Amino acid sequence: MEIAIAADHGGFQLKEKIRAHLIESGYTVKDFGCYSLESVDFPEYAAKVGHFVATENSLGVLCCGTGIGMSMAANKIKGVRAAVVSDAFSAMMTRRHNNSNVLCLGERVLGDSLALLLLDTWLAAEFEGGRHMTRIAKLAELEEREEDK
């Protein structure tokens with residue numbers, strides 16, 4: 001599976017660690033940047049990953065200082081269900097119940113070990129379907145209604 005990743009300058013170092021970890025774990029990684037600590041605007045990178053995830057039916061990981069900005073921006077892309085997490089239970093449940101397809105992590109609020117644990121937990125979790133399918137369909141309905149306005 002190819003996983004899309006990106007970060008702004010506030011999440012650059014964490015993105016690099018995640019990229020190496022994913023490759024070591026056998027994943028193919030599509031890195032959309034940024035590629036240095038130079039200041040950049042996070043919405044551009046969230047959009048790149050979001051569009052890739054939505055069109056390729058893939059997964060994505062976004063990093064910024066807190067994960068919050070990336071999550072807000074990524075969720076503007078139709079078909080993206082991005083979640084910012086800081087604990088393993090939330091990482092697991094956002095996949096099991098919400099079928100999240102983008103994980104957002106904050107470099108300034110998570111240590112490297114915790115961030116990698118959250119990533120691995122998220123990747124290992126599987127969407128449970130069932131009653132949760134109705135809720136995912138309702139999220140898609142919200143997107144359609146907002147698009148029609």
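Figure 1. Patches are made of residues with over 30% relative accessible area and no salt bridge, in which like charges are joined within 9 Å and nonpolar side chains (Val, Leu, Ile, Met, Phe, Trp, Tyr) within 5 Å. Accessible areas come from the Shrake-Rupley method with a 1.4 Å probe, and for residues only the protein chains shown count as cover. The structure is a predicted model, in which local features need pLDDT of at least 70 and side-chain atom pairs count only at pLDDT 80 or more, whereas totals for chains, interfaces and linings use all residues. Residues are numbered from 1 along each chain as its sequence is written, and side-chain values use heavy atoms, with hydrogens and water left out. Ile68, Met72 and Val84 make a nonpolar surface patch of about 280 Å². Met72 belongs to helix 3 (residues 68–74); helices (H or I, at least four residues) and strands (E, at least two) are DSSP runs, numbered from the N terminus. With a relative accessible area of 56%, Met72 is exposed. Exposed means over 50% relative accessible area, buried under 20%, and partly exposed in between (1.4 Å probe, protein chains only).

Figure 2. A nonpolar core is a set of buried Ala, Val, Leu, Ile, Met, Phe, Trp, Tyr and Cys residues joined through side-chain atoms within 4.5 Å. The largest one has 21 residues, and Ile18, Leu22, Val61 and Leu105 have the most contacts inside it. Two or more residues of this core are given by each of strand 1 (2–7), helix 1 (12–24), strand 3 (59–64), strand 5 (102–106) and helix 5 (112–124). Helix 5 supplies the largest share, five residues. A second, separate core has 20 residues, among them Tyr45, Met70, Ala73 and Val102. In soluble globular proteins, nonpolar side chains tend to be buried together.

**Figure 3. The surroundings of Leu105.** Contact means heavy atoms within 4.5 Å. Residues up to four places away in sequence not being counted, Leu105 touches Leu14, Ile18, Val61, Leu62, Cys63, Cys64, Thr66, Gly67, Val85, Leu110, Ala115 and Leu118.

**Figure 4. A salt-bridge network that includes Arg19.** The search of the whole structure finds six salt bridges. Lys15, Glu16, Arg19 and Asp31 are linked in a network of such bridges. Within helix 1, Arg19 and Glu16 lie three residues apart, about one turn of the helix, and their side chains meet in a salt bridge (2.8 Å, N to O). Arg19 is partly exposed at 27% relative accessibility, as is Glu16 at 24%. Arg19 also forms a salt bridge with the side chain of Asp31 (3.6 Å, N to O). Asp31 lies in strand 2 (residues 28–31) and Arg19 in helix 1, so this pair ties together parts that are twelve residues apart in sequence. Asp31, at 21% relative accessibility, counts as partly exposed.

**Figure 5. A salt bridge between Glu144 and Lys78.** The side chains of these two residues meet at 2.5 Å, N to O. Glu144 in helix 6 (residues 131–148) and Lys78 in the loop between helix 3 and strand 4 (82–84) are 66 residues apart, and the pair links distant parts of the chain. Glu144 is partly exposed at 33% relative accessibility; Lys78 is partly exposed, with a relative accessible area of 38%.

Figure 6. A disulfide is counted for a pair of cysteine sulfur atoms within 2.5 Å. By this rule the count is zero. Cys34 is in no disulfide, the nearest cysteine sulfur being that of Cys63, 10 Å away. Cys34 is buried at 3% relative accessibility. For Cys63, likewise in no disulfide, the nearest cysteine sulfur is that of Cys64, at 7.9 Å; Cys63 is buried at 1% relative accessibility. Cys34 is in the loop between strand 2 and helix 2 (42–56), and a cis peptide bond with omega of about -10° joins Gly33 to Cys34.

**Figure 7. Positive phi at two asparagines.** Asn57 has a positive phi of about 50° although it is not a glycine. Asn57 lies in the loop between helix 2 and strand 3 and is exposed, with a relative accessible area of 72%. Asn99, also not a glycine, has a positive phi of about 50°. Asn99 is placed in the loop between helix 4 (88–96) and strand 5.

Notes: Salt bridge = Lys/Arg side-chain N within 4 Å of Asp/Glu carboxyl O.
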